[in-house]
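Work through the exercises below with the model open. Try each task before you read its solution.

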Amino acid sequence: MEETETRPLRFALLGPLRAWRGDRELALGSPQQRAVLAMLLLRRGNAVTSADLVDGVWPVPPARAVAMLRTYASRLRKLLEPEREKGQPFGVLVSAGDGYALRTDLLSSDLDACARAVTRAERHRDSGEADLALRALSAALADWSSPALLGVPGPFAEAARADLAERRLGAVEFRIRMELEVGRHEAVVPELQALRDGHPLRESVSELLIVALDRCGRRAEAVEVYTRTRHTLVEELGLEPGPSLRALHSRLLDPSAGTPDDTARRPGPNTAAPPDRERALKVRPSQLPPDLATFTGRDAELDGVAALLTDGGGSTVPPAPGTCAIGVIDGMAGVGKTTLAVHWAHQVADRFPDGQLYVNLRGYDPSGSLTDPGEAVSTFLVALGVAPQAVPEGLDAQTALYRTLLADRRVLIVLDNARDTEQVRPLLPGSSGCLVIVTSRSRLTSLVARHGARPFALGLLSEGEARELLVRRLGGARVAAEPEAVAAISGRCAGLPLALAIVAARAALHPGFRLADIAQELRAGQGGLDAFARGQDIGSDARAVFSWSYQALSPGAAALFRRLAVHPGPDISAVVAAALAGVDRRRVRGLLAELCGASLLIQHAPGRYVFHDLLRAYAHELVTHEDGAAEREAVALRMYDHYLHTAHHASAVLAPFRETITLAEGTTDCEPLRFNDSKQAMEWLRSERLVLRSVVEHATAHGRHDHAWRTAYALDLHFDRLGYWHDLMEISGAALRASRALGDPVGQAHALRSLGFGHTRFNHEEEALRHLGRALELFRREGDAFGEARTRRALAYQANRSKRHDTSLDHYAHAGALYRSLGHRSGEAGVMNEIGWTYILLGDHQQALEHCEKAVSLQQEAGDLNGEASAQDSVGYAHHHLGAYGAAVARFERAVELYRQLGSSYLEADTLRHLAESQHAAGATEAAREAWEAALVLLESGGHAEADEVRRDLDGLDR
């Protein structure tokens with residue numbers, strides 16, 4: 001009989017909250033009293049402070065909330081211990097500081113029973129007893145059919161219901177995966193289809209359905225599932241499917257690759273497919289934007305730039321020895337510089353076998369948001385195969401590494417929209433073999449004089465070229481039918497390609513319109529684009545084109561066009577466009593399509609949009625003059641709210657046990673994104689990385705200081721884990737300025753802690769200690785124990801890097817005591833694991849083992865899977881150094897399993913490398929090979945530099 005059945009107090013959480021004492025069901029009282037009980041039960045014996053209880057029970061606490069809590073606690077004590085005599089201490093619901101805790105050794109719950117059933121199922125599966133595993137899981141899930149904590153009110157219960165629903169869905173996926181492993185694919189298809197309909201954004205469900213359909217011989221339906229899932233992800237989140245789902249799709253389309261079962265079954269390290277050992281060691285980037293299918297004309301200019309690649313014969317002057325070939329295409333805004341550069345780059349890309357790099361330097365962005373040269377170099381380094389964490393700090397160091405990588409490569413580099421030579425110079429290779437194409441509104445004479453660049457001035461289109469452009473877009477018959485109207489349109493557009501493209505787009509969308517009528521509309525058009533050319537005359541006729549096209553928009557599309565100018569860029573997702581416009585996401589798709597169809601907006605990636613600089617400036621003029629200050633402020637606030645709350649939702653998924661900061665209730669209908677799993681949250685952070693950095697800076701510059709520092713707080717941990725250390729420094733610096741402007745000491749402390757940790761990453765010991773020390777002072781002064789604990793962990797990490805291990809242990813001791821006083825079991829366990837790692841650094845592996853084992857137990861009690869995985873890895877590492885290789889392998893395998901479950905591919909690869917080392921030391925050479933190969937697959941897919949180290953390990957095995 002289960003131990004839970006012998007305990008006098010039993011609770012049901014997986015449905016309505018109920019309780020029994022022996023065989024008698026208890027009346028749990030008011031909804032708020034049930035909410036208090038639910039919080040205590042789900043904290044699993046950890047203390048819950050009165051403040052946390054108040055925040056968890058009431059969205060808006062009443063004035064007497066603390067007194068009401070005491071009343072609820074008193075009633076629950078009488079209910080749970082009716083036979084306690086007066087004067088005896090409470091034995092079940094005990095006081096803990098200013099809060100309370102439930103003794104879990106005296107009670108049982110259906111949630112605990114389900115958790116044990118999942119653990120038993122995992123053990124049965126690992127031992128090859130799939131039928132026993134399935135029976136255990138099916139029985140557990142049968143009791144978990146209703147929403148958890150049904151009828152329990154409050155913010156905590158709402159969040160807990162979402163968390164428990166996620167845990168149940170994970171258990172269901174685990175059970176279906178086992179069904180597939182034993183060949184029951186036909187039986188699970190209907191259930192998977194229902195799950196897919198209920199969770200259209202959950203990629204893991206789509207993966208399982210694809211595998212099941214394919215194994216049923218329904219490959220066409222499997223492909224359709226992928227297509228629908230990709231469409232939904234792009235439309236709803238602006239994200240492409242993750243690498244696992246994309247790999248599964250590739251296998252479906254390539255019958256020679258066999259069935260896609262292995263990909264979706266998430267095999268262990270010993271069953272992973274080996275990588276292609278012939279893969280080139282160098283990464284070959286391919287960053288060019290798409291070529292324009294309707295490109296026409298510019299024959300003379302194309303001949304000129306082509307001369308850059310001649311061998312010096314004829315009248316062409318070859319590049320100077322030791323330099324690369326550089327071409328500078330300059331001209332007024334809207335004249336087609338980017339179009340020409342990209343078109344020619346595609347024509348000659350095959351001559352540069354090591355790839356193509358592209359960056360928009362945003363030199364004339366109307367918002368003033370130039371691309372920093374350091375940011376551009378960092379992006380190029382990652383594209384060339386440098387791990388984000390390995391990008392050095394400082395422009396000089398970055399440029400040196402960039403030129404070293406290009407020294408023996410032939411790469412084509414397009415530097416678009418440069419403001420001046422200083423922005424371009426750090427991005428130039430240091431030797432020959434590469435071609436650089438620069439576009440700019442300026443002549444960049446210094447680049448020509450000092451670096452031997454070849455200038456190409458791009459003028460307006462001739463009448464013949466303008467006519468040819470219209471022919472390519474509207475068809476020869478339509479253009480030939482109205483030659484006078486075509487001449488009038490060309491004249492009104494003044495030969496400006498951007499203006500002609502906008503007119504052609506409208507004409508193409510309305511094939512019944514006469515071109516003469518369009519020409520007449522242009523003559524009557526009004527516009528105000530004086531500021532666009534920045535001192536260059538683009539002609540009053542071309543100015544009118546933008547206004548004319550804008551006036552033809554529907555009211556909704558016109559409003560969206562204006563409001564997009566409020567966004568700082570560099571690009572905008574469809575989801576954020578909906579927030580800016582204040583419309584639902586389905587409606588905004590049609591408005592975005594209308595803007596793209598009118599050539600007023602460009603969809604440069606699925607679900608992501610950019611402006612031409614001229615059109616962005618025009619939109620900015622419009623929103624300034626047509627929308628009042630209050631409306632512009634409301635648009636900006638919706639944007640800030642969206643990013644702030646979405647970032648916190650992502651953080652809650654990626655680090656559910658991290659201490660949270662209070663957010664004010666959103667005052668707008670911004671509809672932030674929510675994420676089904678850590679993979680989606682991580683993909684959102686990656687796709688919005690540069691935007692999030694801009695938004696924090698933008699909020700700081702425009703007085704939205706609270707949004708700025710709180711958004712940065714939500715991002716700092718994950719920017720660090722992703723290796724975006726330069727971005728971490730930028731958002732932390734902006735957060736510090738914002739919190740100082742507010743006079744908010746807690747915000748300042750968080751920003752200082754984040755800045756200090758960033759300096760630690762770059763080995764800036766003095767700056768790190770200064771910032772972390774000031775953060776510690778502020779947290780202590782404000783009585784913020786969580787902040788102090790986290791800062792002490794950062795100081796301990798810094799001390800370990802400086803080999804000051806005694807100082808590190810002292811900081812960890814203080815941090816651990818703080819977490820214990822807070823009842824934060826996961827934080828206490830994390831510190832315990834970090835103490836163990838410090839002992840590993842000291843060479844005391846027995847002490848390390850004891851601390852890390854305690855950390856594992858504490859993390860299991862807390863339910864922190866990421867923390868447990870880290871501690872299991874540390875235990876394995878200690879066992880390895882003690883020569884207990886079998887014990888080390890078992891712990892590493894458990895850590896790998898947890899990291900795979902969490903989608904933490906980099907940490908999974910790191911642990912696979914530890915696993916391989918222990919297997920190799922134990923003489924299990926083939927098992928070690930498979931683990932290293934599995935790690936290599938993960939590291940290569942993430943572009944991590946450690947992949948080279950794994951290749952060397954594998955080469956060592958072969959030798």
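**Exercise 1.** Which backbone oxygen does the side chain of Q398 reach? Then describe the surroundings of Q398.

Solution. Note that this is a predicted model.
- Step 1: find Q398 in helix α15, which covers residues 395-406.
- Step 2: follow the side chain of Q398 to the backbone oxygen of P392, at 3.0 Å.
- Step 3: classify Q398. The cut-off for buried is under 20% relative accessible area. Q398 has 3% relative accessibility, so it counts as buried.
- Step 4: list what Q398 touches, leaving out residues up to four places away in sequence. The set is G374, V377, S378, L381, V391, P392, E393 and H726.

**Exercise 2.** Classify C114 and C216 as buried or partly exposed. Then give the count of disulfides.

Solution. 
- Step 1: C114 has a relative accessible area of 6%. That is under 20%, so C114 is buried.
- Step 2: C216 has a relative accessible area of 21%. That value lies between 20% and 50%, so C216 is partly exposed.
- Step 3: a disulfide needs two cysteine sulfur atoms within 2.5 Å. By this rule the count is zero.

**Exercise 3.** Which residues touch the most other members of the largest nonpolar core?

Solution. 
- Step 1: take the size of this core, 83 residues.
- Step 2: name the residues that touch the most other members. They are L553, L560, F561, L564, L595 and W684.
- Step 3: pick L560. Beyond four places away in sequence, L560 touches A577, A581, V588, L591, L592 and L595.
- Step 4: In soluble globular proteins, nonpolar side chains tend to be buried together.

**Exercise 4.** How many aromatic pairs does the structure hold? Describe the pair formed by F719 and Y724.

Solution. 
- Step 1: the structure holds ten aromatic pairs.
- Step 2: in the pair of F719 and Y724, the ring centres are 5.6 Å apart and the planes stand at 80 degrees. Planes over 60 degrees apart count as edge-to-face, so this pair is edge-to-face.
- Step 3: check burial. F719 and Y724 are both buried.
- Step 4: look for a cluster. Y550, F561 and F611 form one aromatic cluster.

How values were computed: Residues numbered from 1 in each chain as written. Predicted model: local features only at pLDDT ≥ 70, side-chain atom pairs only at ≥ 80, totals over all residues. Heavy atoms only, no water. Buried < 20%, exposed > 50% of the residue type's maximum accessible area, 1.4 Å probe, protein only. Core = buried A, V, L, I, M, F, W, Y, C linked by side-chain atoms within 4.5 Å. Contact = heavy atoms within 4.5 Å. Helix = DSSP H or I, 4+ residues; strand = E, 2+ residues; numbered from the N terminus. Polar contact = N/O pair within 3.5 Å; in protein donor to acceptor, adjacent residues only side chain to side chain. Phe/Tyr/Trp six-rings, centres within 6.5 Å; stacked < 30°, edge-to-face > 60°.
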